[in-house]
Amino acid sequence: MVMNSVAPPRFDFESLNLGNNGLKRVRTAWISDVHLGTRASGAARLLDFLREYDFKTLYIVGDLIDIWQMRRGRYWPQQHNDVIQKILRKSRKGARVIYIPGNHDEMISSFHGVYGAITIQKHAIHRTADGRRILVIHGHELDTVMQNVKWLAFLGDAGYQFLLSLNPFINFVRRRFGLGYWSLSAYVKQRVKDAVSFIGKFEAAVVKYAERYRVDAVLCGHIHSVSIRECSNITYYNCGDWVETCSALVEHFDGRIEIVRKLDPRISAPVMASTPLVDAIA
């Protein structure tokens, strides 16, 4: 019998960008609008993301905890606590966590400072591996409704939460008829022309705001609409949310930034007509 003396190829974690623990290794991750403390939060999907990815820096781009909603009623299941514990565990293992408060967790903005590996600050300038400078903000600073008619923002949030609360019942009925998942709140948001117009104006305002910082790009959350797009000489990034689209942005070690989605397989991500999505950009 002739034995084959050629050894099988060695499995290489680095070629797959995996660490020894099997996690996908990226340089940076951005998450926003988790809205812990609400029934609509996709905490389970976020836990999947945090278990799957290892990163040097994590940016929490606002609205991690929905203090607005928690004032209306207390809701805090174990999964929401698990998200906080998982983030803290990442920081203890060496990940740098930068928390930029949004409008739903604005109370945290009074605690700006450094707490071990966690930094709370109003905004940040991130430098990518390929040398680009990115301004990171939540985005509510450029929301004209939020800044000028705050009561209307609270009313709109209550309406959005009501639409989200109808989704389970609607989909219970749809399952009885053998139909797939469908989101009423995403449909309304997609179809209302004023909402589409608002997103376009919001993106333009964010890009205009970023110009004063002389950066190459701006990254935000707030409007729950994940996106990567070129706007004049500045790249606009939005890391989406963990309510409906369950999306994040990650930076690879060569500086590429791409969208990661952790949707339930039943759900199709809603795409706003004025916001073309790009899965990766150099």
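Guide: A residue is called buried if its relative accessible area is under 20%, exposed if over 50%, and partly exposed in between, with a 1.4 Å probe and protein chains only. The model is a predicted one, in which local features need pLDDT of at least 70 and side-chain atom pairs count only at pLDDT 80 or more, while totals for chains, interfaces and linings use all residues. Residues are numbered from 1 along each chain as its sequence is written, and side-chain values use heavy atoms, leaving out hydrogens and water.

Helices (H or I, at least four residues) and strands (E, at least two) are DSSP runs numbered from the N terminus. D33 lies in the loop between β1 (24–31) and α1 (43–52). D33 counts as buried because its relative accessibility is 0%. H35 sits in the loop between β1 and α1, and with 4% relative accessibility H35 counts as buried. Most residues other than glycine have a negative phi. D33, not a glycine, has a positive phi of about 55 degrees, and H35, also not a glycine, has a positive phi of about 55 degrees.

Next comes the helix itself. The axes of α1 and helix α3 (residues 78–92) come within 9 Å and cross at roughly 20 degrees. Such axes are lines fitted to C-alpha atoms, for helices over the stretch in contact, with angles from 0 to 180 degrees between N-to-C directions. Angles under 35 degrees count as roughly parallel, over 145 as roughly antiparallel, 65 to 115 as roughly perpendicular and the rest as oblique; α1 and α3 are therefore roughly parallel to each other. In contact, meaning heavy atoms within 4.5 Å, α1 residues including A43, L46 and L50 meet α3 residues including V83, K86 and I87.

Rings of Phe, Tyr and Trp (its six-membered ring) pair if their centres lie within 6.5 Å; planes under 30 degrees apart count as stacked, over 60 as edge-to-face and the rest as tilted. Four aromatic pairs are counted by this rule. One of them joins F49 and W242, a tilted pair with 5.8 Å centre to centre and 45 degrees between the planes. This pair links distant parts of the chain, since F49 is in helix α1 and W242 in the loop between β10 (234–238) and β11 (247–251), 193 residues apart. Both F49 and W242 are buried. Ring pairs join F49, Y53 and W242 into a cluster.
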